[in-house]
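My entries follow in the order in which I looked things up.

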Amino acid sequence: MEIQKAGDNAQQYQIQQITINQGIDEKRAREIYDEKYSIAKQDFTEEALRIANERVKELENRLIPKMEAVNDGLKAFADPSFQLLLVDAQKAAAATERSVDYDLLSELLVHRIEKGNDRHIRTGIHKAVEIIEDISDEALLGLTIVHSVNTFMPIASDIKVALDILDNLFGKIMYAKLPQDTDWIDQLDILDAVRINQLGKFKTIKDYYSNSLKGLLELGIRKESEEYYKVQEILAERKLPFSLIMNENSLNSDYVRVNVNGIESVESLSFVQNINGTYLNIPFTLEQKNAVKSVFELYSNDSKVKQELNNTFVEEWNKHSNLFKLREWWEKLPYSFNITSVGKVLAHANAQRCDKSLPTLN
């Protein structure tokens, strides 16, 4: 802060600006952690302190490395709002005996750093910290699975690759026996993590993913057809290699399709070129993009063959053990529910605990 003016007979001072984020290293972060715990532990009797101390220390050991891995993450320890949340997290850690909860709390605190400017997300995080000790294992697992179905889509240009990615993901997400009754859904509703809709059901897995992955489930162009040769001409005019743009449909070898996940993906197409030893992505020109987009207009609309393709998709889905288990469980759910902001941050934190490669919650 600079004081530029002063009254008569008064001295002027220039005061150096104070930045609250300055000088927070690992040592100071752990000191602040201990200082905040001195507040949190006031609620415990002497008999409870030993257990509480062990649990809160466990949270610290999981939290600090994660915060160090985030750009300027330790600076959050100087934020008053984060300190208040930290006290709540320490209390929650002291109150729970479940080891996974320390990971969840640390993920939520890191998420608070990354997305804390969004007040809607911030509210969800604060409430999620409060309910961690109350949510059952079954409810947490079920919530995480439903959130993952709604949130995570594979980045792939071939449907079989996409299914492999999903199978690997749900192999990590479905880490315990799946809940079979409805008590877990009722508990989530009580905890404000979901809103039950007893008059509706979730879409079937086939309907849901057929729509979500529709770009990968396009039939394409029949080999040796008039359209097939037309595509060769279109691509040749723009110096686009047929073998680069078109791939055999992995669910029906009689057809070829553009090697992208739907027409929207054409905008991101590029060549990889080696320029003086450096590999660079060279975007397609506007004319080249338009040429590729025009190929989609030649795709077959044969309804009978399309239905066969959808049936083959389900068969391929069922060949993946984790996806088969997911489909069986999903389609036995008696009714649907909407996940609240509280449920989303909690489920996302748990999903990231299972798979560190998952993106942060938007």
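**Helix packing and cores**

I began with helix α4 (residues 99-115) and helix α15 (residues 341-354), whose axes come within 9 Å and cross at roughly 110°. That makes α4 roughly perpendicular to α15, a label that applies to angles of 65 to 115 degrees. Where the two helices meet, I listed Val100, Asp103, Leu104, Glu107, Leu108 and His111 in α4 against Val345, Leu346, Ala349, Asn350, Gln352 and Arg353 in α15, with contact meaning heavy atoms within 4.5 Å.

I noted that this is a predicted model, in which local features need pLDDT of at least 70 and side-chain atom pairs count only at pLDDT 80 or more, while totals for chains, interfaces and linings use all residues. Residues are numbered from 1 along each chain as its sequence is written, and side-chain values use heavy atoms, leaving out hydrogens and water.

I then turned to the largest nonpolar core, which has 94 residues, and found that Phe77, Phe170 and Tyr209 touch the most other members; such a core is a set of buried Ala, Val, Leu, Ile, Met, Phe, Trp, Tyr and Cys residues joined through side-chain atoms within 4.5 Å. Helix α3 (residues 80-95) gives the most to this core, with eight residues.

Leaving aside neighbours within four places in sequence, I found Phe170 in contact with residues including Ile145, Ser148 and Val149, which are among the buried residues of α6. Eleven of the 15 residues of α6 are buried, that is, under 20% relative accessible area with a 1.4 Å probe, protein chains only.

Note on methods: Buried < 20%, exposed > 50% of the residue type's maximum accessible area, 1.4 Å probe, protein only. Helix = DSSP H or I, 4+ residues; strand = E, 2+ residues; numbered from the N terminus. Axes fitted to C-alpha atoms, helices over the stretch in contact; angles between N-to-C directions. Parallel < 35°, antiparallel > 145°, perpendicular 65-115°, else oblique.
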